[in-house]
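The sequence and structure are shown first.

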Amino acid sequence: MPDEKKPYYITTPIYYVNDRPHIGHCYTTTVADVAARFARLLGRDVFFLTGTDEHAEKVVTTARERGHSPQEWADINAAEFVKAFDLMSIDYDDFMRTSQERHKARASAYIKQLMDSGDIYLGDYKGWYDPSQEEYLTETVAKEHDFKSPVTGKPLEERVEKNYFFRLSKYEARLHEALAKGDAGEEGGCRILPDARRNEVLGRLKQGLHDVPVSRAVKEGDADWGILMPGDPTHRVYVWIEALCNYLSAVDNTAAPSTVDAEGDRSRYWPPAVHVMAKDILWFHAVVWPAMLMAMGRELPAVVYAHAYFVAEGRKMSKSLGNFIEIDRLEAYSEWVVESERKQAEKEGREARPMGIDPVRWYLATQGPLGANDADFAHAKFVEVYNADLANGIGNCASRVGNMIEKYFGGVVPEASATNQDTQLEGWWQAAGGRVQGAFAQFNLELCTHLGLLFVNEVDGYINDTRPFSMAKQIDEDGVRERLGHVLYNCAEAVRIASLLLFPALPNKMAELWRAWDCSPLHDPADPNSGFKASLDELAAWGGAWSLKPGQKITKGPALFMRASVDEAHPGA
Ligand code: MSP
């Protein structure tokens, strides 16, 4: 079992800046954000890193086409990623750009270390290069695809170069060992998840490991873009190798400039708890990177998690189909004012509220390709899930409970009766609450989030069974007020606890609920990124220090999520 008090370092891939962000980038980053928020909720000291990978050759090409220098083009697009992640309410701790001096200096030191130890050497390379993906393919793979790019279908280039190589082959046995240890959950091992992906990597490992090229020759007229091989200005560090180094360069204080001076000592975060990415780049993360770390004498990431892909309305997203779900589309959802909200606002004489980004986060977090299979982003499904889980789920349940407390108890939290034997909701939580830690340790975010929703469903069932609205009709009869108070206290306390589990996916809306109910566990109730005052086991203790207090005021506030109809005008059109 991983140490539950250890610092928790989580990363996303660093994204190429030759293009604007789309749903795929937002998905991985949202998943990592949900995990980071869970970890913080569980009381862990979290460091969450994302960023951009800027030294790719295609950045130079695209920049040229657009009349920019590579740095200008990288600046423009890196800013788009920062904006996109703000829109998605991503609470990262650092955004690494590989064109930053701090990264370049540190990555260069790692490469030098590997050259000095003989793990990187100069040799001849003849191979099939895929310029669109910036990678070399093995002879077998090149042949299989008729010497065309398996991704874009463009012709591969046969290249012979003097190249630097990393002795990947030397680490084969130790990699096997580390992966086996990871499977067994042993300290120091590296675990590949989900299992289907692990099996693929193991299958490929069985074919044996070859040394991998880690440089490309500097050519006449090349833009000065990328890190030079230490001591050899005729070669540049291959972008992939340099990019992987970002995970270490962000938290390391052994290579100059030390993080101790620059960003504050972050060395306690190494090794990473989890690198998150999609299956396309698993090999680099599960094989090449751990071997590089072994060569450098560093500890390995505990988990490498490779999810599957998002597809759009049932079809793979591609440039040629032009069906990428761009960030603008996700933004349009966040600005969507649904019909029912427009009408309600008109009736109440207030400004209508857009749905905000939380429903998009929810869809990504709960319907996304977290496991081995691809998942679809389809408008009809978005509306269905939004209505079922959010409008009719947590939204409706919180409103129901808030409204009844307002109506029957003047908005004051009633007393839970000490003599009442009804502990159905408390009991549910006692039984289920213990599952959160274990699920999180397995990176089972779906279960963590789902538990919150299940608890809400339980409250709905409890309301239907206990019928507080009928009780209210006889409120002046003997003992009824007390019983009703007990029931509504239970409901409110259960919704409060459920909202803690829903927070990682719905940070803005749950912070809003906590403000209305005056029960925010955040340092600054207005800021969902301000951190928790206590950890989940204390916050979610039924009737504990953080529970709703009888006598405290709660405001019912506008509904958190208004129902949408699949037929109304929408951003997916
Ligand atoms: N720059 C490299 C990564 C270097 S990490 C040391 C790179 N960048 S990328 O911009 O192409 O991003 C790839 C990642 O974006 C995927 O691994 C995944 O995290 C995310 N996604 C891109 N398209 C995706 C989908 N269609 N669905 C889900 N995630 C996807 O590779």
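## Domains, cores and ligand

The domain assignment divides the chain into domain 1 (8-312) and domain 2 (362-539). The model is predicted. Taken over C-alpha atoms, the centres of domain 1 and domain 2 are 39 Å apart. Contact between them involves 34 residues of domain 1 and 35 residues of domain 2.

The nonpolar interior comes next. In soluble globular proteins, nonpolar side chains tend to be buried together. Here the largest nonpolar core has 120 residues, and those with the most contacts inside it are Tyr-8, Ile-10, Phe-377, Phe-443 and Trp-517. At least three residues of this core come from each of domain 1 (8-312) and domain 2 (362-539).

Phe-443 can be followed in detail. Leaving aside residues up to four places away in sequence, Phe-443 touches Tyr-8, Ile-10, Val-31, Ala-35, Val-274, Val-276 and Tyr-305. Two of these partners, Tyr-8 and Ile-10, are also among the residues with the most contacts inside the largest core.

The ligand is surrounded by 23 residues, of which the closest are Ile-14, Thr-28, Asp-53, Asp-280 and Phe-310.

| Residue | Protein atom | Ligand atom | Distance |
|---|---|---|---|
| Gly-24 | backbone N or O | nitrogen | 3.4 Å |
| Thr-28 | polar side-chain atom | oxygen | 2.6 Å |
| Ala-278 | polar backbone atom | oxygen | 3.0 Å |

On its own the ligand has 670 Å² of accessible area, and the protein covers 91% of it.

The cysteines remain. How many disulfides does the model contain? The count is zero. Cys-491 is in no disulfide, and the nearest cysteine sulfur, that of Cys-397, is 7.0 Å away; a disulfide would need the two sulfur atoms within 2.5 Å. Cys-491 counts as buried because its relative accessibility is 0%. Cys-519 is likewise in no disulfide; its nearest cysteine sulfur is again that of Cys-397, 14 Å away. With a relative accessible area of 12%, Cys-519 is buried, since the cut-off for buried is under 20%.

How values were computed:
Residues are numbered from 1 along each chain as its sequence is written. This is a predicted model: local features need pLDDT of at least 70, side-chain atom pairs count only at pLDDT 80 or more; totals for chains, interfaces and linings use all residues. Side-chain values use heavy atoms; hydrogens and water are left out. A nonpolar core is a set of buried Ala, Val, Leu, Ile, Met, Phe, Trp, Tyr and Cys residues joined through side-chain atoms within 4.5 Å. Buried means under 20% relative accessible area, exposed over 50%, partly exposed in between (1.4 Å probe, protein chains only). Domain bounds come from an automatic or database domain assignment. Contact means heavy atoms within 4.5 Å. A residue is near a molecule or strand if one of its heavy atoms lies within 4 Å of it. A polar contact is a pair of N or O atoms within 3.5 Å; within protein, one must be able to donate a hydrogen and the other to accept it, and residues adjacent in sequence count only if both atoms are side-chain atoms. Accessible areas come from the Shrake-Rupley method with a 1.4 Å probe; for residues, only the protein chains shown count as cover.
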